[in-house]
Amino acid sequence: MLESVGALMGSPWIYVVVALSVLLDVFLPLLPSGVLVITAATAAAAGSTTVAGAAEQVPEVPSLLALILCAATASVLGDLVAYRLAWRGGERLDRAIARSRRLTSAQERLGAALARGGGILVIIARFAPAGRSVVSLGAGAAHRKVKEFLPWSALAGVAWAVYSVGLGYFGGQWLGATWVGTAVSVLALFVAGALAAYFMRRPAAEAAAAAAATATATTAS
């Protein structure tokens with residue numbers, strides 16, 4: 001993998017590509033932004049290993065700090081764009097959200113969490129597949145105040161960026177800059193996404209079960 005994208009990894013353009021990928025995947029969740037961040041970090045690990053083990057000049061490799069800053073900043077900007085679009089979406093978007101049980105549920109839960117001063121749901125959703133899109137659109141459509149949403153979006157972006165870059169870097173250090181090392185790091189990212197999706201769904205499932213139990217008890221009485 002690294003051989004096929006070596007020219008990009010050794011160019012400042014890698015930061016632009018990473019930023020655009022992360023920025024746009026709030027609208028296109030299928031974009032492999034996480035895979036791209038991990039691959040760039042793995043290239044950085046390969047470069048640092050070569051520098052440590054050899055005296056000859058090596059190609060420039062991505063900076064870990066720059067990767068984290070690019071990914072985190074683009075994540076927050078993407079969240080804000082989706083938030084503002086949903087805020088100004090009008091009746092058509094409101095009807096679309098009302099038809100989506102997932103968006104409606106996320107909107108209600110997010111509103112309750114932000115009202116309590118805790119937006120941990122925003123951070124968890126950043127790791128879940130399409131969770132970032134659901135939360136950002138839900139916050140905007142519900143007209144949550146930006147000061148309630150933005151700090152949690154920033155924390156989510158930093159947490160996701162540090163985790164993704166860390167996976168790529170340490171995977172490259174421990175397993176080598178090979179397909180195996182990159183695949184293991186990507187798998188760890190997907191596992192985190194699956195766990196985040198589970199924790200996002202669990203409160204909704206518990207609420208539905210409680211509502212069903214209440215309805216049954218009311219009918220019986």
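The buried residues of helix 8 are G131, R132, S133, V134, V135, S136, G138, A139, G140 and A141, where buried means under 20% relative accessible area, exposed means over 50%, and partly exposed lies in between (1.4 Å probe, protein chains only). Because 10 of the 11 residues of helix 8 (residues 131-141) are buried, this helix is largely enclosed by the rest of the structure. After helix 8 comes H143, which has a positive phi near 55°.

The model is predicted, so that local features need pLDDT of at least 70 and side-chain atom pairs count only at pLDDT 80 or more, while totals for chains, interfaces and linings use all residues. Residues are numbered from 1 along each chain as its sequence is written, and side-chain values use heavy atoms, with hydrogens and water left out.

**The chain as a whole**

The chain contains 10 helices and 0 strands, the helices (H or I, at least four residues) and strands (E, at least two) being DSSP runs numbered from the N terminus. Of its 221 residues, 38% count as buried. Its accessible surface comes to about 11,900 Å², with 69% of that belonging to carbon and sulfur atoms; such areas come from the Shrake-Rupley method with a 1.4 Å probe, and for residues only the protein chains shown count as cover. Among contacts (heavy atoms within 4.5 Å) with a separation of 6 or more, 79% are between residues 24 or more positions apart.

**Aromatic rings**

The structure holds 5 aromatic pairs. Rings of Phe, Tyr and Trp (its six-membered ring) pair if their centres lie within 6.5 Å, and planes under 30 degrees apart count as stacked, over 60 as edge-to-face and the rest as tilted. Two of the pairs involve Y83 and are set out here.

| Pair | Centre to centre | Angle between planes | Kind |
|---|---|---|---|
| Y83 and W87 | 5.8 Å | 50° | tilted |
| Y83 and F149 | 5.3 Å | 10° | stacked |

Y83 and W87 are 4 residues apart in helix 4 (residues 64-87), and are therefore separated by about one helical turn. Y83 is buried, with a relative accessible area of 1%, whereas W87 counts as partly exposed at 29% relative accessibility. The pair of Y83 in helix 4 and F149 in helix 9 (residues 146-175) links distant parts of the chain, 66 residues apart, and both of these residues are buried. Together, Y83, W87 and F149 form one aromatic cluster.

Charges also sit over rings, which requires NZ of Lys or CZ of Arg within 6 Å of the ring centre and within 35 degrees of the ring normal. R84 lies over the face of W87, at 5.4 Å from the ring centre, and R126 lies over the face of W160, at 4.0 Å from the ring centre.

**Helix 7 against helix 9**

How do helix 7 and helix 9 pack, that is, at what angle and with their axes how far apart? Helix 7 (residues 120-127) and helix 9 pack at about 35°, with their axes 8 Å apart; axes are lines fitted to C-alpha atoms, for helices over the stretch in contact, and angles run from 0 to 180 degrees between N-to-C directions. Residues of helix 7 including I120, R126 and F127 meet residues of helix 9, among them F149, W152 and W160.

I124 also lies in helix 7, and counts as partly exposed at 27% relative accessibility. Not counting residues up to four places away in sequence, I124 touches A196, F199 and M200.
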